[in-house]
Amino acid sequence: MEHLHTQDLQADGISLPRLGLGTFRMQGETCRTAVESALELGYRHLDTAEMYGNEEAIGAAIAASGVARKDLHVTTKVWNENLAPDAIRRAFDASLKKLRLDQVDLYLVHWPAPKMNLPAMFEALMKLKEAGRTRAIGVANFNIALLKTVVEDIGAPIACNQVEYHVMLAQTRLRQYLTAKSIPLVAYCPLAQGRVASDPDLAAIGRKHNATAAQVALKWLLDQDGVAAIPKASRRESQQANLDALKVKLDDADRKAIAALPKDRRCVNPGFAPAWD
Ligand SMILES: NC(=O)c1ccc[n+]([C@@H]2O[C@H](COP(=O)([O-])OP(=O)(O)OC[C@H]3O[C@@H](n4cnc5c(N)ncnc54)[C@H](OP(=O)(O)O)[C@@H]3O)[C@@H](O)[C@H]2O)c1
């Protein structure tokens with residue numbers, strides 16, 4: 001799996017493998033089996049959240065895998081009903097216990113709440129980081145206005161913004177802001193929840209390279225500086241296919257065809273004002 005490790009992103013002291021396994025909507029035995037399979041295949045970046053209700057299954061899979069802790073990146077997230085400092089600490093303790101870990105690699109605010117005390121939230125998160133209980137902190141679903149407050153006013157060290165990003169969603173302004181601040185973007189729904197697999201234009205590109213439409217969509221993301229992706233795949237064949245996407249070589253004509261796809265197909269809407277990006 002050397003090719004995976006050479007492609008880690010560096011952010012605020014952590015090394016984030018650019019391809020991770022998403023785990024939303026997988027629970028219990030299904031989740032445990034899928035995570036064990038992914039770890040066997042060489043995945044070293046797992047994405048979970050307290051809201052997914054699968055941290056126990058993931059903890060069991062990690063424990064059974066025999067993968068050295070230092071070789072594994074684990075992200076979990078605090079849900080937006082738990083953003084008061086005390087609630088963050090309680091949620092964090094519960095996540096760590098379920099994951100059977102002493103430390104996570106990245107702890108994210110999962111989703112902005114309509115009313116948040118951002119300075120108090122980030123003080124609590126930074127204390128977890130200073131205590132070594134999480135190696136880094138970050139956010140998900142934060143728009144530019146929120147990011148500016150966190151990064152420029154509060155000065156919190158943000159190791160990523162995890163947002164929806166794929167061949168059919170541009171995220172232009174948000175990407176520009178993150179690039180300017182050297183903050184990685186972790187792309188969720190990188191396969192547009194599986195929709196890319198049936199796109200005829202992506203399939204045509206794939207035929208040129210002996211690859212599938214999904215592999216083309218994934219490699220397009222992973223070719224970008226500062227971008228990681230966390231496709232969810234419960235099937236071992238899809239997990240392997242997503243790893244193999246790293247070997248696909250897209251050319252300028254492919255990128256031009258991908259640029260011409262619709263760019264407004266959002267699957268998940270965090271739904272806050274002002275405009276998302
Ligand atoms: N921070 C947030 O608010 C947030 C929001 C949404 C998602 N996420 C994270 O991002 C992860 C990924 O997003 P997602 O699960 O919504 O969507 P996704 O990864 O874009 O798509 C997952 C779907 O694609 C299918 N698939 C996977 N690999 C494939 C392949 N090679 N060929 C064809 N189909 C393939 C999967 O099928 P099978 O499962 O049947 O194999 C599943 O139905 C989540 O699991 C979660 O960890 C975070």
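Predicted model: local features only at pLDDT ≥ 70, side-chain atom pairs only at ≥ 80, totals over all residues.
In what follows, Ala, Val, Leu, Ile, Met, Phe, Trp, Tyr, Cys and Pro count as nonpolar, Asp, Glu, Lys and Arg count as charged, and the others, Gly among them, count as polar.

The largest pocket holds about 690 Å³ of space. Its lining is made up of 30 residues, and Phe24, Arg25, Cys189, Gln193 and Lys232 are the closest to its centre. Sorted by the classes above, the lining has 15 nonpolar, eleven polar and four charged residues. Helix H10 gives the most to this lining, with three residues.

What takes up the space of the largest pocket? The ligand does. Around the ligand there are 29 residues, of which Asp47, Asn141, Leu191, Lys232 and Asn242 come nearest. This shell divides into 15 nonpolar, ten polar and four charged residues. Here, too, H10, which spans residues 236-244, gives the most, with three residues.

Now look at the oxygen atoms of the ligand. The side chain of Asn141 has an N or O atom 2.8 Å from a ligand oxygen, and a polar side-chain atom of Lys232 also lies 2.8 Å from an oxygen of the ligand. Arg235 takes part through its backbone, where a polar atom is 3.3 Å from a ligand oxygen. Taken alone, the ligand exposes 910 Å², and the protein buries 86% of that.

Finally, turn to the second largest pocket, with about 200 Å³ of space. Residues lining this pocket include Arg175, Leu178, Pro184 and Asp225. Helix H7, residues 172-180, supplies the largest share of the lining, three residues. By class, this lining has five nonpolar, four polar and two charged residues.

Terms used. Residues numbered from 1 in each chain as written. Heavy atoms only, no water. Near = heavy atom within 4 Å. Polar contact = N/O pair within 3.5 Å; in protein donor to acceptor, adjacent residues only side chain to side chain. Areas by Shrake-Rupley, 256 points an atom, 1.4 Å probe, with all protein chains shown as cover. 1 Å grid on protein atoms, 1.4 Å probe; cavity = no way out; pocket = protein on both sides within 12 Å on 5 of 7 lines; lining within 4 Å. Sits in = over half its atoms within 2 Å of the grid points. Helix = DSSP H or I, 4+ residues; strand = E, 2+ residues; numbered from the N terminus. Points joined across faces, edges and corners; volume = space filled by probe spheres on them.
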